[in-house]
Every structure is written in structure tokens, then in C-alpha cells.
Amino acid sequence: MADTKLSKGLAATGVGSVVCAWHDMRLANGVGDLQRGENGTKSSGNGEAPERGWSDINRIAASTKEMGPGTRREVLDDHFGDWNWKKVTAFGRVLLRKIKEAVKAKTEHRHALTELEESIKQSDLGVASLTNWTNEVLAWELDHSNPNPFESRVTATTQAAVRLELLMQDAQDLEDRSSVSLHSVVTPSILISTGLDIEHAQRRLRADNGSLGQHATNEQRTKILACSNSLQRRIEVWTEIQVLYMPSVSQLRATNATGLNRTLPSDDEESGCPMPRPNSVKPEDFQLLFPSDICSHAPCDPKLLHIEWSLRFAQANDALDECRSHIRLRHQLLHFKSQHLRGQGANTRARKTVQAVDDRLVLSHDKYLRARSALVCLSRHVDHVGWDRGLQPLKKKDLRPIGDLGGQTLGTAIMPWIWLTHGISSHDSEGLQDTLCVEWCKARARHNRWQEEIQLLLVEMQRVLAFLAWEARQWDERATLRMVERLEFAEGLIAYANRQAAIRRALSASFSGMWRDVGALGMLKLLNLDIGRASAVKVKTEKYLHEKLTLDGSNYSQWATGFKMWAGGIGLWPYISGDELEPSPPAPLTDTDQNIIHKEKRDERVKLYKQRRLLALSALYTAIDAQDFVYLRDIDDLHIAWIALEKKYLPQKAICFNQYLNRRPYSIISCAHSACPYYQLYDVYHGGI
């Protein structure tokens, strides 16, 4: 409001707050007044997280602007505290939804990666290539100074590169005084390259004219007419210079010799772009008569033929690359539309976007067909062979993404040839291998990122339950922390503290119930067992452990990483790592009744600690080979037992998963998430897994 209204005489013109972008919560004591409005502050971070909070607090702006400073701050504190509490109570539902989405996405990307790898492994070359790609991507993830496998290594010939090369050749001819340029400014290479630009402008203008409906507006018609006039002036200037280098074109135009070498495409090769009309006088239908059009009917300078060949060859490759890009974009848009958009308005806008991409694909397809047709004519007069292996006839049925069967069955479908070549290479398989390498790296990265998301969410769930348990213990301790003179006051404080602790435990029980079907958190229900039923743990934990530690310890690094993640997800890892210690006895108090209450609560915590420690011990023993029982039989401390296994099988500490990814998402207290009060209060489980 301070940015749009007069702020003279106001004690504060706005409010700024420190927000955790991960959990969208306000930091305690992290809200302050602004004296110069939002424009007078410097802030950074996720721009969406603060806005979501302000949408809730903006409704009280009209009330707080007339309050005194003390009342205003108390009201804002109450609303911000309520916002944070709502976030805490929604953790169960939000995290459950997120992990369901992550599991579904991870499964889909796992299937896509498996299908791609199976198709690559069908040949011996594919098996060897896949091994090399794996080594390369692992080396790059450990050290980014290594070659990046996500970047294509086959350089395609582009029009820009060819034009630069031709201009450099013109400069060299001028320096050697061997230039035969008939114009002071326009050289033969500039003449042909400018003609290709005019040809593409004609193609776009014909497409724009064809898209005009019966009810076109005056503004649309004005734009088309302006483009037509500009194109007409460009053609007139170009044809005047063309006559200097190609004198025969004037006679051909005088005799109306049109369509000389222009081969009409077949029905399945036609792009759908409007064709020029032979008897039309409009600039978009004017025939430019390149050397490829007249070389079989009239004499033409061989230098012009070679120049057009180089530019057409690069133009065909550029057009083919544009087709690939448009096909991928259209496929992604259609997938997003089918998965996420509902309703007439959203689908209409999406169809317009898809149609715009289709129009660009039509233009690129027509550009390729025209360039290839010119190359076919020029190949009869220049010494170039083998070019058609990488530039084959492009049909409409070839314009489909990788994985699209094109109406055929899985056993009969063949991948379109446009995905089997990339750039210009002397080796037939080099372009294909480079394309598949990049696609495989992207598919692997997408799968790994969703797998990491699942692991983060599992640890997040464990932290939520640990946070609620910690808060419940805090309220238990606060029950007798304050000393009062009257007994009824003490009873009231104890009742309030017990109620708050009960709310936290009820939330924890509710979240555990919501998450009972989550795979790695299925063991949470065992945490409510009494010690007498702990013998059932061995049988129940077997199905949650993927791979046991072998006798020779050859799989120790992989086993240790998986076991830490699994044990952390079900809340048992702190008992193995030594972070969770047995509760110490409370300090004696003068009040005998309070001493009894403290002792009973301490006994309950000790019982729960021993129960969970027994579960952790049973989980560890079920994850190792029976021969290692003898090695650990005299060790009672879980942490010492873990260190003993590490010293036996791994002289140096193994690299953990997050160190491998150069990330430490679980040490959230030391990163950007430290603004969140949830992590300020509890940070017991912060070790690398």
C-alpha cells in the first residue's frame, strides 16, 4: 500500500519478513517494519513463497493500519503464528501427496529409462557405448571439469558458419587481388545468401496469407500488406544485382520460363506450406531463379553453383535441426496438456500454443524440402557424393518423436530416420551415438532426481515426527518449570502443558496413520510395540531390507548407504549413530508430588528409549550375514557395533549419497532453510546418509 498511496506521517509503510522458501513459514522474531515501502528494501530468494503468505495477511491490513504499535505487532504475531501452525498441521497431508506424486513420477521415468537402455543394448556397439556413457557421466558428476556428457559433441554445419567461411574467402580473394566481384558491395556469396533469406521471407508471407480467415481484421491485413511491400522492394534490389552475375535470368524471365528445375513434392513429402502460384504477380510468388533452378537450361558460373551448394547443404541441416526441436516441443506440450490441463479455457489456450508450434514445423519442413530439391539439382553439376545418406527425403510420417510408433505395433515400428542422424559426420553411427548419449543422460538424470526426491521426503517425514516428539517433551518439561505459590496455579500450568503435549502426540499419531502405507515408513507402526513383542521385529523387518551385508564385505559401501537411508526413514538411525541417548534422571525438586510426576515421565521415556533401541538392534542384526553375529556378540553398544563393521570392511569412510551429489540436503539447519522455525527447534538428525 505504501508504494501506491501517500505515506507522509506514517510510522511504518509496510512489513518485511524472513520466510523459509522450503516450508513457507515465518521465522520467529523475523518480522520488521518498513519505513520506505517495499521498493526501498533489498531482498532475495524464492519470489513465490512470500507472496503466498501475504495473500493470507493482506486481509487485516485495513485494521492494523489504525492500531497502536504494540497492539499492531501483537495482532501480526498472532496471525503469523497461526500461519505457521496451519503449516505444521498440514504436514501429514502435504508430504503424503508429494511422496505419492514422487513415487509415480519415479516409476514412470524408471520405465522410460529401462526401455531406452533395452533398445540400446540390442547391439554389441550399444552395450559398449552404454558402459562408456555410464563411466563418463559418473566421472562428470564427481568432477565437473571432465567433459559434460549432456552436451552434444558432434558439431553440425550451420548457415551462419558457412556464411562466415564464404566471407572470409571473399576477403582473401580481395587481398590476393583475385576477386571477380561485379558489384562494389555485393559479392557472389552475399548474393546467394541474401536470396535464401528472401526465399524464406516469401515462405513466411505465404503462410501468413494462408492463415488469414474470412473475418480478418484491418490490423491483420495492414501487417500483411506492409510485409508484402517491404518484400517487393527487397526483391527489386536483389534482381538488379542478380543480372550482373547471372545474365541469362533476364531472358528466362522475359520468356516466362518458370518452374525450370523445381521438382514438385509427392503427396507424402508435401509439407503443407502454401506453394507459389505460377501466374501470380505478388512478391511472395515471384520466382528468384537460383543457380540450381537454371543450371540445366542456361550457362551458370561454377563458382555460384559451389556457393549455393554450401549454403543449401547448411540450410538443409539447419531446417532438419529445427524440425527435431519443434517435434520435441510439440510432444512435451501435448503431454503437459493431457496430464495437467482441465477445462475449456485452459485447453483452448494450449491448442493455440500447439498450433503455433505446428505452423513453425510446417515452415521448417518446407525449408528442408526446398533445400534438398536444390541439392539434388546441384549434385549433377558439382563433385559431391554421399550427401544424401544424412539428408534423406523427409515425409510427414517421419515427423514424430522418439518412442512414437506412428500407428504401427511395437514389433514392427521403426524409429524415424531424423533421429538416427545428427549433424554432418564422416561416420554413419557417430551422430546416432551422440544423440542417444545425450538422451540417455537426460533420462537417467530425471530418474535420479525423482529418486532423490523420494529420499528427501522420507527423511522429511521422519523429521516431522521427531519434531513433534521433541515439542511434546518440551511441553512436558515446561509443566513444572515455572514455580508458583498457589497449588491451583501450578495445576493450571500442568494441565495446559499436558494439553499442548497431547496435541503434538495426537498430530504425530495422525501423521503416522496417514503414512502407514508409505514403503520405508511401514516400520513406524512397530514403534508402539511393547518390549515383550519385540521378538517379532526380525521377521517383519526382513522385507524392508533390500540387500544383506555379504561375508566378505564386498558390498559394504552400497549396503551401508541403503541401510542408513532405510533406518533413517523409520526413525531408528539416531539410536545406531549414537545421537539419541538414554534420558537422564531429572533434578530433584522440593515438592514430593512433582518429584513423583517427573520420575513417572522419565520412566516412560526410558521405556520408550529401550524399546526403540531394541528395534534398532534387531534391524541391524537382520541386515548382516549370520557369520558377523560372532564378530559382534560381545558388543552391547549399537554405535560401537556400527563403527566395528565400518573398520572391518571399510578402512576409509565411504562417500555418502549426498556428498556424491555435492549436496547436503539433510544438514538443513546450516543452509537456506535455517529461516524456518521448524528446523531452528529440532536438528537432531543432521548426519550424512
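## Basis of the model

Residues are numbered from 1 along each chain as its sequence is written, and side-chain values use heavy atoms, with hydrogens and water left out. In this predicted model, local features need pLDDT of at least 70 and side-chain atom pairs count only at pLDDT 80 or more, while totals for chains, interfaces and linings use all residues.

Strand β1 (residues 14-20) pairs with strand β2 (residues 25-34) in the antiparallel sense over six bridges. Strands are DSSP runs of E of at least two residues, and helices are runs of H or I of at least four, numbered from the N terminus; pairing requires at least two DSSP bridges between two strands.

Four residues lie between β1 and β2 in this hairpin, and D24 in the turn has a positive phi of about 60°. V19 stands opposite R26 in β2.

## Helices α3 and α14

The axes of helix α3 (residues 69-89) and helix α14 (residues 487-514) come within 11 Å and cross at roughly 40°.

By class, the contact has five nonpolar, one polar and one charged residues.

## Residue N347

N347 belongs to helix α12 (residues 344-378). Its relative accessible area is 15%, so N347 is buried (under 20%, with a 1.4 Å probe and protein chains only). Not counting residues up to four places away in sequence, N347 touches K337, L341 and R342.

Key
Buried < 20%, exposed > 50% of the residue type's maximum accessible area, 1.4 Å probe, protein only. Contact = heavy atoms within 4.5 Å. Axes fitted to C-alpha atoms, helices over the stretch in contact; angles between N-to-C directions. Nonpolar A, V, L, I, M, F, W, Y, C, P; charged D, E, K, R; others polar.
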